Amino acid sequence: MRRLLVLPLLAALFAGCASHPTTVVLGPQIRPGQCCANESVSLEVTDARVNSALLVLIEDGKRKEVPAYSDVGESMAGFIRDGLKQRGVETTGGNTLKVEIQQLGATVSSGLLKHDTTVNAQLRFVVETANGTVTRAFNGQRSDTKPKRPDVAAIEKEMNLLLGRVLTEALDDPQLMEAIKDNGPAVMGLEPIMPL
């Protein structure tokens, strides 16, 4: 009889260890870099994701969506602003840097003995200058299968590591940095004067 009681108690204990979070905290680490001196850019960040959840948990055919702790667009703007500042770029005016969050989040399919995790980050950076527009896309993906139930804290950490790598790659991109520094006047073609 005792053995029959032990199994449900163990199952309840393990289920408690894999309890679901109510929010996911973004906190990517952007590696420092240096590219500019006294440059400035206007920053605009748009969250264009179809699904606003940062974490999707699928267990026993049931789907649970977990949102971000704070607004994703505002949080990303803060991270990008800090990364630009480390590189000598203030966000107080000048050329326009538009960042579109196209994909960001993790999907976890959980079974009794293992779980599959896929983490995605896809960002589009556009610098608009008087001389034209530079558009660059940056993305990263990580997939793995691990035993036992999912550890949400570990998945959150994986997402932040991936996002930090993608943001670092973007902010160290030579084409984007050159476009940000492009403060020259617009190159305009002269139209011929037509006789009256």
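Val 56 of strand 2 stands opposite Glu 65 in strand 3, in a predicted model of a protein with four helices and six strands. Helices (H or I, at least four residues) and strands (E, at least two) are DSSP runs, numbered from the N terminus. Residues are numbered from 1 along each chain as its sequence is written, and because the model is predicted, local features need pLDDT of at least 70, side-chain atom pairs count only at pLDDT 80 or more, and totals for chains, interfaces and linings use all residues. Side-chain values use heavy atoms, with hydrogens and water left out.

**Overall architecture**

- From the N terminus on, the order of the elements is α-β-β-β-α-β-β-β-α-α.
- The protein has 196 residues, of which 38% count as buried; buried means under 20% relative accessible area, exposed over 50%, and partly exposed in between (1.4 Å probe, protein chains only).
- Among contacts between residues at least 6 apart in sequence, 77% join residues at least 24 apart; a contact means heavy atoms within 4.5 Å.
- The protein exposes about 12,000 Å², and carbon and sulfur atoms supply 55% of this area. Accessible areas come from the Shrake-Rupley method with a 1.4 Å probe, and for residues only the protein chains shown count as cover.

**Pairing of strands 2 and 3**

- Strand 2 and strand 3 (residues 62-66) run antiparallel and are joined by five bridges; two strands pair if DSSP finds at least two bridges between them.
- These two strands form a hairpin with two residues between them. Asp 60, in the turn, has a positive phi of about 50 degrees.

**Strand 4 and its partners**

- Strand 1 (residues 39-47) runs parallel to strand 4, and nine bridges join them. Within this pair, Val 45 stands opposite Val 99 in strand 4.
- Strand 2 also pairs with strand 4 in the parallel sense, over five bridges. The bridge partner of Glu 59 in strand 4 is Ser 110.
- Strand 4 pairs with strand 5 in the antiparallel sense over 14 bridges, and the two form a hairpin with three residues between them.
- Two residues facing strand 5 illustrate this pairing: Ile 101 stands opposite Leu 123, and Lys 98 stands opposite Val 126.

**Strands 5 and 6**

- Strand 5 is joined by 16 bridges to strand 6 (residues 132-147), and the two run antiparallel.
- Val 127 stands opposite Val 134 in strand 6.
- A hairpin of two residues links strand 5 to strand 6.

**Two residues in their surroundings**

- Thr 96 is found in strand 4 and counts as buried because its relative accessible area is 17%.
- Leaving aside neighbours within four places in sequence, Thr 96 is in contact with Val 41, Ser 42, Glu 44, Val 126, Val 127 and Glu 128.
- Ala 48 lies in the loop between strand 1 and strand 2 and counts as partly exposed because its relative accessible area is 38%.
- Not counting residues up to four places away in sequence, Ala 48 touches Glu 100, Ile 101 and Gln 102.
- The C-alpha atoms of Ala 48 and Gln 103 are separated by 7.8 Å, although the two residues are 55 residues apart along the chain.

**The second largest pocket**

- About 200 Å³ of space lies in the second largest pocket. On a 1 Å grid over the protein atoms alone, a pocket is an open set of points where a 1.4 Å probe fits, with protein on both sides within 12 Å along at least five of seven lines. Grid points are joined across faces, edges and corners, and a volume is the space filled by probe spheres set on the points.
- The lining of this pocket has 14 residues, of which Leu 104, Gly 105, Ala 106, Thr 107 and Asn 120 lie nearest its centre; lining residues have an atom within 4 Å of a point.
- Strand 2 (55-59), strand 4 (89-110) and strand 5 (114-129) each supply at least two residues of the lining. Strand 4 gives the most, with six residues.
- The lining residues divide into six nonpolar, seven polar and one charged. Here Ala, Val, Leu, Ile, Met, Phe, Trp, Tyr, Cys and Pro count as nonpolar, Asp, Glu, Lys and Arg as charged, and the others, Gly among them, as polar.
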